Amino acid sequence: MKKGINIIIYSVLALAVIFGNISIINFIINDKEIMSMAEATKEPVIMPTEAPEISYHVLVKELPVFKYNTILENKTKDAIMGKYLYGDKIKVKEEKDGQVYTQTDDGCYVWSSCIGKLPGNASLNSPCPKVVVIDAGKQDILTEQASLAETVTNSSVQEISLEFKIAQKVKEKLEENGYIAVINTGTNINSEDMAGLANQIKADAMVSILCGSTANKKKNGTTVYCSTKDSKQIKKKKYLKNRLLAKSILKAYTRETGFNSRGVKESDNYQSINCCKIPMAIIEMGYITNRRDYNKMNKSNFQDRMADGIVNGIREYFLSL
C-alpha cells in the first residue's frame, strides 16, 4: 500500500516537472520574440567610422620626419624629428595640402612625393634605385613669361603649365627606366625648396626644367646651366659632376629635338644651384618668345621628344660615372 502511494506521488511530481519545464521554455521563446520585435522598432545605430589608414613605402634613401606641415616652419633647427629609410612602411592617416602627410603614430609629417608603392621589380631587400629630383619651373617669373609669350603667340601662355607637363613626362619616363623620380607637388614649392628636399633625401641628381623668354624674338635654342668653377659654395668635385650632368642633358636633348644648342653656361646667380649639395643642372628647353620654338614645344608629340631628350641625358650622365 505504502509502495503504491509512493509511485503515485513520484508520478505527480514528474508531471509537474515536465509541465513546468515546458512553461519555462515557452516563456523563454515568447520573451525572445518580444525582445526581437522591440529591437526591430528601434532606430538603427550608426557607429562613427574613422578614415581608413593607407600604407606606403619610403622610396628614397632617407626621408626626414618633420614637426610641422609648412615648408617655412620646417626650416627651423628643431623641425626634423627623425628619419625613415628606403623601404620602410608608413601608415598615413590624413593627407594635408602641400608636401607632407600626417602620420598615424606620432602626428608628424613627411614629403608626400617621396612615399608610394615600391617599383615593380623592387623588394624591401633591394638597394634604393637612383633618385632624381625634378623641379618644374620657377613660380616668380610666371607673369613676366606669360606676358612676353603673348606678344608672339597672341595667347596668354602659362609657362609653368608647359614646364610642368614636361616635368611630369620626364618623371614617368624615368620611372619606366627604373629610377625614382621626385617632383614638385604644388606651386608653393619653389626651386630652392626642391634643392633643400634633394639634400635631405640624399638624391643622386636634380634637374630644373624651364622655358626661356626674352624681348628679342629671334633668340632661340637650348641652354643648360650649372655652377661655376670658381664658386665659393661649390666644391671642385661637385662642380665637375654638375658640368658633366649639364653637358649630358644638353647633348641628348638637342640630339632628340633638333633645337639649336646654346651651350652649357656656368652661373652663380641661381640660389637652387648654390644650395644644392648633389649634382644639379638647369635646362632652359627653348624660348616661348620665339615663334618656331614655341610652335614645336606646344605640340604633344614633340613634348614626348623633349622629355626623352632630358631622360636620355640623365641616363647617360649616370652611365658615365
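Okay, let's start with S208, which sits in strand β10. Helices (H or I, at least four residues) and strands (E, at least two) are DSSP runs, numbered from the N terminus. Before I go on, this is a predicted model, where local features need pLDDT of at least 70 and side-chain atom pairs count only at pLDDT 80 or more, while totals for chains, interfaces and linings use all residues. Residues are numbered from 1 along each chain as its sequence is written, and side-chain values use heavy atoms, leaving out hydrogens and water.

So, is S208 buried or exposed? Its relative accessibility is 2%, so S208 counts as buried; buried means under 20% relative accessible area, exposed over 50%, partly exposed in between, with a 1.4 Å probe and protein chains only. Its side chain makes a polar contact of 2.6 Å with the side chain of D135. By polar contact I mean a pair of N or O atoms within 3.5 Å; within protein, one must be able to donate a hydrogen and the other to accept it, and residues adjacent in sequence count only if both atoms are side-chain atoms. Skipping neighbours within four places in sequence, S208 has contacts (heavy atoms within 4.5 Å) with residues including D135, S191 and M280.

S191 takes us to helix α4, residues 191-200. Here 7 of the 10 residues are buried, so α4 is largely enclosed by the rest of the structure. The buried ones are S191, D193, M194, A195, L197, A198 and N199. What lies over them? The cover includes β8 (131-136), β10 (205-212) and α6 (271-275). At the N-terminal end, N190 caps α4, with a side-chain oxygen 3.1 Å from the backbone nitrogen of E192. After α4 comes K202, with a positive phi near 55 degrees.

Now for a pair of helices. The axes of α3 (residues 159-176) and α8 (residues 300-320) come within 9 Å and cross at roughly 55 degrees. Axes are lines fitted to C-alpha atoms, for helices over the stretch in contact, and angles run from 0 to 180 degrees between N-to-C directions. That makes α3 oblique to α8: under 35 degrees is roughly parallel, over 145 roughly antiparallel, 65 to 115 roughly perpendicular, and the rest oblique. Residues making the contact include L162, I166 and V170 of α3, and A307, I310 and I314 of α8.

Zooming out, the chain has 8 helices and 13 strands, and 44% of its 321 residues count as buried.
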